[in-house]
Amino acid sequence: MSQQKMPKQKPEERVKNFFEVALGFSKEQALLEAKRCLQCKKPFCVEGCPVQINIPAFIKLIAEGKFEEAIKKIKEKNNLPAVCGRVCPQETQCEAVCILNKKKMAINIGSLERFAADHETTTRKITGSNKATKSDKVAVVGSGPAGLTAAADLAKLEYNVTMFESLHLPGGVLMYGIPEFRLPKKIVLQEVEYIKSLGVDFRPNVLIGKTYTIDELFKQGFKAIFVAVGAGLPQFMRIPGENANRVYSANEFLTRMNLMKAYKFPEYATPINIGEKIAVVGAGNVAFDCARVAMRLGKDVTLVYRRSEQEMPARAEEIENAREEGLKFKLLTQPTEILVDDKGFVNGMKCLQMQLGEPDASGRRRPIPIKNSEFILDVDTVIVAIGQNPNPLLYKSTPKLKVNEEGTIWVDENLMTSIPGVFAGGDIITGADTVISAMGAGKKAAAAIDNYLKKVK
Ligand code: FAD
Ligand code: SF4
């Protein structure tokens, strides 16, 4: 049986709109793909999944046409399946270790997960029931995948949960970072609605560390706090000219576009001042998201990366999608200076050609400059997408919170910080990582908080 491929919008059409690129499996495709699964006795795919979904079991249920049961099986381990089916890097996780991957025919596990989740939301309204019977109040700080998962699990354990978020909408990176054409915001809001229906009280526009400190949350009666504030602090290249007009951090660019809907200006009142020729520096998911958003605004976009395609950290599917959409690549290229005109605007980017040497600490081959290879890239806008650091505001206002050298919050094996009753997880303890690993931390933290609260009674 042949491997089923996800249908997509045609590249020449999708590059002009913000609708979802991947259209999802039809019922027939899902059945055919599910029937290819060998139902291995020792399924490696489960070990490859960071939250250990029983993959063969849910695939078997799909193959039998039992879609409701399939999504129930997935939700035993994963509170956000419609999100994970769309954005998990399956090719390095479950699908990488699927036995059929030896013949490059791995089961399309992510597409099947998405199918089961979408089937549920299109056939019925998903609501939970508010069971908050316990008097203990728990605060969750940050509403990204780590915070949402912890809040849902704690609500299911019948705690009284309040989730604080500094932005006006919940979802963290799912809402402000990943663009609509990869993860429709309707999907994120559906998942959030489900979590609210479990009784979680969502408080937007509250910046913990400023509006209230951690100590004040305890004074308000919270017995435990989960800190899931993510890694939203942009890194810059530290090269001359980086303060020029029309140099953006990926964070600012994507937040304006996705959260504030600048691409719908003037319908939405968020302007963005960009030129016509845009360089996006970096090659992770964030860089590809910036590049593909800019292309959808009709701009001429070049992705600048100091290594080769093999070392790109972005999801393989997104690299392929971007290539199909006509993104230009300038590989083995390192920016050294942003040129600025007399009005303070970007007027080109000086770059060096690189070659690859031995692998560095990350295991990827180290880029080495080639002598006398300098050239100028003709661009008028630069978006810097070379990584994010942990958000420092909360720990700066909480001196008792121990912080590691790289700016992540220190936690013990149960995700408890140096302050008893305060737990942390997601990108704030790992640095920029993945949705599923943040969710895994949320799950672990909820269980640890439950244990802690039972002990301190
Ligand atoms: P976040 O999602 O960052 O959420 C943290 C939340 O805390 C935010 O809403 C923030 O506003 C809030 N907050 C911060 N400080 C405070 C405070 N003091 N008080 C109250 N609230 C606060 N991963 C994948 O697996 N696949 C992908 O395709 C993928 N693409 C990505 C694309 C982009 C553009 C980005 C930026 C990341 C991407 N990632 C992807 C990574 C993934 O999204 C993150 O690893 C994940 O969202 C981390 O979850 P989190 O809950 O720890 O933090
Ligand atoms: Fe099915 Fe592949 Fe998992 Fe085996 S490893 S159970 S074939 S998905």
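By class, 18 nonpolar, twelve polar and six charged residues form the shell around ligand 1 in this predicted model. Ala, Val, Leu, Ile, Met, Phe, Trp, Tyr, Cys and Pro count here as nonpolar, Asp, Glu, Lys and Arg as charged, and the others, Gly among them, as polar. Of the 36 residues around the ligand, V87, E165, R182, I208 and D427 come nearest; a residue is near if one of its heavy atoms lies within 4 Å. The model is predicted, with local features requiring pLDDT of at least 70 and side-chain atom pairs pLDDT 80 or more, whereas totals for chains, interfaces and linings use all residues. Residues are numbered from 1 along each chain as its sequence is written, chains are lettered from A and ligands numbered from 1 in written order, and side-chain values use heavy atoms, without hydrogens and water.

An N or O atom in the side chain of E165 is 2.6 Å from a ligand oxygen. For V435, a backbone N or O atom lies 3.0 Å from an oxygen atom of ligand 1. For P145, the corresponding backbone distance is 3.3 Å. Taken alone, ligand 1 exposes 1,000 Å², and the protein buries 95% of that (Shrake-Rupley method, 1.4 Å probe).

Two or more shell residues come from each of helix 9 (145–156), helix 14 (285–296) and helix 18 (435–456). Helices are DSSP runs (H or I, at least four residues), numbered from the N terminus. Helix 14 gives the most, with three residues. Domain 2 (137–232 + 390–456) and domain 3 (234–388) each supply at least three residues to the shell; the bounds come from an automatic or database domain assignment.

Helix 14 also holds R292. R292 counts as buried because its relative accessibility is 0% (buried means under 20%, 1.4 Å probe, protein chains only). Its side chain makes a polar contact with the side chain of E318 at 2.8 Å. Such a contact is a pair of N or O atoms within 3.5 Å; within protein, one must be able to donate a hydrogen and the other to accept it, and residues adjacent in sequence count only if both atoms are side-chain atoms.

The largest nonpolar core has 98 residues. A core joins buried Ala, Val, Leu, Ile, Met, Phe, Trp, Tyr and Cys residues through side-chain atoms within 4.5 Å. I55, F58, I59, I62, L112 and F226 have the most contacts inside this core. Helix 18 gives the most to it, with eleven residues. Domain 1 (11–123) and domain 2 each contribute at least three. A second, separate core of 33 residues includes F181, A283, L327 and I383.

Technical notes
Buried means under 20% relative accessible area, exposed over 50%, partly exposed in between (1.4 Å probe, protein chains only).
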